[in-house]
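Dear colleague,

Please find below the structure that I am handing over to you, together with its sequence.

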Amino acid sequence: METRLEIRLHEPNPLFTRWLERWLHEAEQHDRKSQHKLRQALQALRNYPLPLYSGRECAVLRGFGPTLCQLIDDELRQFRALEKQSALPALVATPTPHNSSQYEEQVQQVVKVVRKQKQKQRQEQQQMKKPKKLTKRAQQELAAAEERERIVHMDAGSYRIVLLVDTQETSGKNKRVLDQTRGYLQSLGVEHEVRRLTVGDFLWIACDGAGNELVLPYIVERKRMDDLASSIRDGRFHEQKHRLRQCGIAHIIYLIEDYGDNEQLGLPLDSLQQALANARIQSDGIQVVRCDNHYRSMCYLAGVSGVLQQLYLHAGRSLYSVDKSALEAVTGGQVGLLKFRALYEDSARNAQLTVREVFVQQLLQLHSLSLDRALAIVERYPTPRLLLDAYADCGSEAEARQLLATLGCGPLQRPLGDKLSQCIYEFYANEFQ
């Protein structure tokens with residue numbers, strides 16, 4: 001059985017620890033906000049097992065921002081100058097010759113023990129070595145990874161273009177109205193399939209005889225005017241727009257249907273039209289199409305299907321699979337497209353997200369914080385930890401509240417504003433009890 005041995009210095013950084021204890025005591029006496037950050041830094045320093053030689057090296061520990069590291073360096077310079085003048089014994093974390101030699105002896109002893117253990121483990125492994133049988137889940141994950149890496153080629157004329165319809169468009173509370181989608185598409189002669197889509201309501205794929213599927217670079221998000229108003233009120237509009245822009249499909253179409261006379265929508269009609277105009281102007285690759293009713297929307301989809309037939313099938317273009325970085329790369333009549341399975345997995349709501357993506361989605365939940373404003377904040381501070389550190393480095397609470405006020409947002413680089421800056425500070429800086 002494998003055993004791990006550790007050698008820990010009793011107090012690797014005594015001088016830095018004393019300084020932090022003194023500063024923390026002063027902050028607590030004057031009830032300063034910095035006491036929380038100092039307490040966090042002191043705990044991290046006590047838990048760190050290795051000696052540190054400067055404030056700059058302390059930056060690897062939690063709670064040590066640029067201001068605190070610089071303060072330690074300044075204190076260290078004063079201490080060394082005083083040490084030279086008064087010939088005081090050194091308390092810096094530099095190991096003494098006696099401690100260094102003792103530490104080296106301990107390390108050599110550990111090396112001998114570890115070598116013996118490894119030799120014993122090798123002997124046991126040689127005796128008990130047997131090929132492990134993969135579990136069914138591991139086999140499935142391995143097969144999925146191999147399938148994701150496999151390159152798909154579709155020669156010109158060997159594939160067909162199919163419109164995929166999300167299941168939410170063909171089922172629901174008002175099933176009679178939603179079933180009209182399939183009926184209209186069938187009457188218009190559009191080849192389509194109903195599937196569950198993790199992003200968007202309609203998209204087009206190229207299918208070959210071997211079952212391979214590549215996604216054409218067009219996706220449609222259909223919204224009725226009353227649904228648009230509801231999504232703006234509860235924040236789904238910005239969240240959906242962010243997911244559409246992140247999915248990797250170049251051309252995003254918002255298909256907007258009128259709701260009767262567009263009365264009693266829950267929001268003023270001017271506000272809805274302004275939201276659509278902002279989506280079209282501020283976001284590259286987003287197109288907004290207005291239709292009178294559901295039938296006109298299906299006629300528009302049928303028209304797009306016909307255009308894609310002309311662009312790909314009749315133009316004799318060959319297709320091959322690529323990742324997001326090389327989407328729609330045209331080389332010699334060949335077009336690089338994303339696999340449908342890759343789009344489905346990467347766009348799922350429960351897919352593994354980066355801290356940056358989660359931070360954007362978190363910011364979008366705040367009132368009046370649009371996607372462009374959230375992206376501008378994340379561009380300056382990619383994680384909440386960096387934003388909190390920036391707040392901690394401010395000289396006063398008033399300065400922290402105005403930290404984001406002048407941040408430029410969107411194509412016009414308009415400032416975020418005092419109100420939103422204070423709202424974000426109150427949300428992240430307050431400690432939840």
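**Findings**

Asp389 is partly exposed, with a relative accessible area of 23%. Here, buried means under 20% relative accessible area, exposed means over 50%, and partly exposed lies in between (1.4 Å probe, protein chains only). Please note that this is a predicted model, in which local features need pLDDT of at least 70 and side-chain atom pairs count only at pLDDT 80 or more, whereas totals for chains, interfaces and linings use all residues. Residues are numbered from 1 along each chain as its sequence is written, and side-chain values use heavy atoms, with hydrogens and water left out.

**The chain as a whole**

The chain holds 17 helices and twelve strands; these are DSSP runs (helices H or I, at least four residues; strands E, at least two), numbered from the N terminus. Of its 433 residues, 38% count as buried. A contact means heavy atoms within 4.5 Å. Among the contacts between residues at least 6 apart in sequence, 65% join residues at least 24 apart.

**Salt bridges**

A salt bridge is a side-chain nitrogen of Lys or Arg within 4 Å of a carboxyl oxygen of Asp or Glu.

Another is formed by Arg290 and Asp258, at 2.9 Å from N to O. Here too, distant parts of the chain are linked: Arg290 is in strand S7 (residues 286–291), and Asp258 is in the loop between strand S6 (251–257) and helix H10 (269–282), 32 residues away. Arg290 is partly exposed, with a relative accessible area of 39%, whereas Asp258 is buried at 18%.

**Aromatic pairs**

How many aromatic pairs does a search of the whole structure find? The search finds eight. In Phe237 and Tyr254, the ring centres are 5.7 Å apart and the planes stand at 45 degrees, so this pair is tilted. Phe237 lies in helix H9 (residues 236–246) and Tyr254 in strand S6, so the pair ties together parts that are 17 residues apart in sequence. Phe359 and Tyr428 form an edge-to-face pair, with 5.9 Å from centre to centre and 85 degrees between the planes. Distant parts of the chain are linked by this pair, with Phe359 in helix H13 and Tyr428 in helix H17, 69 residues apart. By definition, rings of Phe, Tyr and Trp (its six-membered ring) pair if their centres lie within 6.5 Å; planes under 30 degrees apart count as stacked, over 60 as edge-to-face and the rest as tilted.

As for burial, Phe237 has a relative accessible area of 3% and is buried, and Tyr254 is buried at 1%. Phe359 and Tyr428 are both buried. Elsewhere, ring pairs link Phe16, Trp19 and Phe79 into a cluster.

**Helix H17**

The twelve residues of helix H17 (residues 418–429) should span 16 Å at 1.5 Å a residue, and the end C-alpha atoms are 16 Å apart, which agrees. The expected span is 1.5 Å times one less than the number of residues. The buried residues in H17 include Leu420, Ser421, Ile424, Tyr425 and Tyr428. They cover an arc of only 140 degrees around the axis (taken from the directions from the helix axis to the C-beta atoms), which puts them on the same side of H17. The buried residues of H17 pack against helix H13 (355–364), helix H14 (371–380), H15 and helix H16 (397–401).

**Lys339**

Lys339 is placed in strand S10 (residues 334–339) and is buried, with a relative accessible area of 9%. Leaving aside residues up to four places away in sequence, Lys339 touches Glu147, Arg148, Arg150, Val152, Glu213, Leu214, Val215 and Ser321.
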